[in-house]
Amino acid sequence: MITKEAVLEALSNVQEPDLGKDLVTLNMISDIEIDGKKVSFRVMLTTPACPLKAMIEKACINAIHHLVDKDAEVNVIMDARVNTNRKDNQSVLPGVKNIIMVASGKGGVGKSTVSVNLAIGLAREGAKVGLLDADIYGPSVPIMMGIRDERPKMTEVNGEAMIVPIEKYGIKVMSIGFLIDEKQAVIWRGPMASSALKQFITGVYWQELDYLIIDLPPGTGDVHLTMVQTVPVTGAVIVSTPQAVAAADARKAIMMFKQPQINVPILGIVENMAYFTPQELPDNKYYIFGKGGAKQMAEQFDLPCLGEIPIVQSIREGGDKGVPAVMDDNSVSGRAFADLARHVARNVAIRNADMEPTKVVEMKN
Ligand SMILES: Nc1ncnc2c1ncn2[C@@H]1O[C@H](COP(=O)(O)OP(=O)(O)O)[C@@H](O)[C@H]1O
Ligand SMILES: [Mg+2]
């Protein structure tokens, strides 16, 4: 006779490697059902994009076979509920579980490309995702998402006017580009910038999101400060390229987030344009801008390396056409971005398990 107790006992030997505890202690097991030799249960992961999903499923099956009954027919329902460290009833972006800023030191390193493909990559794994383009100097998300000619509508929520994000490729998108025309741009860069931006950040009707990805302007300027003063940022993803100048600027961005009064956790570093690979010879990698720069920086700051994205024509073309590279599962670049999404999700889950919630930064001017 197989019992629920025996199943739980066996599963308490299966570790969640990232969180360093077993599945039972972590409350990840539910809905155990037993019918003769048939055993079924649900494993609730902390993200649908968990790169260890297959490994954990296999470990569960092995545990039942080794510790309960070698002939059991095991059916594992792999499920996920994205974790958060935000408390309920927050006034700012109340339904948003994780707020992730994508930052870089230099412009042109592929921050928007990474933001767009990361957001869609997470959604393709089953998460609810929003993408906010806050680059007041060069909002490029509308073009990259193929929504350049669309305009978001307004709606009223509890008596307040809010912007309804545009939906495309399974994510919700809002860009400051929809609000800027050249004559108006001064509002976003002048003395009113901070309050206008705050309104823009809090005035979008996202509803429930697992991840909100924010594409920031390059550098370490006012938008960054306004952002950390307006929302509790779960973590930052730093985008760099192998060139020494880009890496030097990325270090500055890292140092800014690490300042004690800002204190935004850094989820890791993405190296974009890491190597060139010809379409017809995808196993050949040419490190034309140098090799290992991001890894070195990651080691120096004790941060994870979240991914290496190759430089390929299709990424640029996809950006220009409004069809992001991650949509193509069969391409090298599509797989690199899908991998990146899983790595980011994993590091968000670890961050939420290990660290205190981020506080909104209070500035004494
Ligand atoms: N891995 C890549 N391979 C090829 N082109 C890329 C890659 N990453 C970015 N690009 C292209 O480089 C340009 C700058 O990228 P973008 O994402 O706009 O940078 P940023 O937002 O940092 O200014 C765009 O034309 C984009 O399509
Ligand atoms: Mg950009």
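Reader: Over what relative accessible area does a residue count as exposed?
Author: In this predicted model, a residue is called buried when its relative accessible area is under 20%, and partly exposed in between the two limits. The term exposed is kept for residues over 50%.

Reader: Is Asn-158 buried or exposed?
Author: Asn-158 sits in the loop between β8 (153-157) and β9 (160-164), and has a positive phi of about 45 degrees although it is not a glycine. Its relative accessibility is 80%, and because exposed means over 50%, Asn-158 counts as exposed.

Reader: Is Leu-93 buried or exposed?
Author: Leu-93 also belongs to a loop, the one between β5 (73-80) and β6 (96-104), and it has a positive phi of about 45 degrees without being a glycine. Its relative accessibility is 5%, and because buried means under 20%, Leu-93 counts as buried.

Reader: Which residues does Ala-119 touch, not counting residues up to four places away in sequence?
Author: Ala-119 lies in helix α3 and is buried, with a relative accessible area of 0%. With residues up to four places away in sequence left out, Ala-119 touches Val-129, Leu-131, Ile-171 and Ile-213.

Reader: Which residues have the most contacts inside the largest nonpolar core?
Author: The largest nonpolar core has 89 residues. Tyr-211, leaving aside its neighbours within four places in sequence, is in contact with residues including Ile-100, Leu-122, Val-129 and Val-348. A second, separate core of 23 residues includes Val-14, Leu-19, Leu-45 and Val-74. Inside the largest core, the residues with the most contacts are Tyr-211 and Ile-213.

Reader: Which element gives the largest share of the shell around ligand 1?
Author: Of the 16 residues around ligand 1, those that come nearest are Gly-108, Lys-111, Ser-112, Thr-113 and Pro-310. The shell divides into eight nonpolar, six polar and two charged residues. The largest share of the shell, three residues, comes from α3.

Reader: How much of the accessible area that ligand 1 has on its own does the protein cover?
Author: One nitrogen atom of ligand 1 is 2.9 Å from an N or O atom in the side chain of Asn-272, and a nitrogen atom of the ligand lies 3.2 Å from a backbone N or O atom of Val-312. An oxygen atom of ligand 1 is 3.2 Å from a polar backbone atom of Val-109. Of the 560 Å² of accessible area that ligand 1 has on its own, the protein covers 81%.

How values were computed:
Residues numbered from 1 in each chain as written. Chains lettered and ligands numbered in written order. Predicted model: local features only at pLDDT ≥ 70, side-chain atom pairs only at ≥ 80, totals over all residues. Heavy atoms only, no water. Near = heavy atom within 4 Å. Polar contact = N/O pair within 3.5 Å; in protein donor to acceptor, adjacent residues only side chain to side chain. Areas by Shrake-Rupley, 256 points an atom, 1.4 Å probe, with all protein chains shown as cover. Helix = DSSP H or I, 4+ residues; strand = E, 2+ residues; numbered from the N terminus. Nonpolar A, V, L, I, M, F, W, Y, C, P; charged D, E, K, R; others polar. Core = buried A, V, L, I, M, F, W, Y, C linked by side-chain atoms within 4.5 Å. Buried < 20%, exposed > 50% of the residue type's maximum accessible area, 1.4 Å probe, protein only. Contact = heavy atoms within 4.5 Å.
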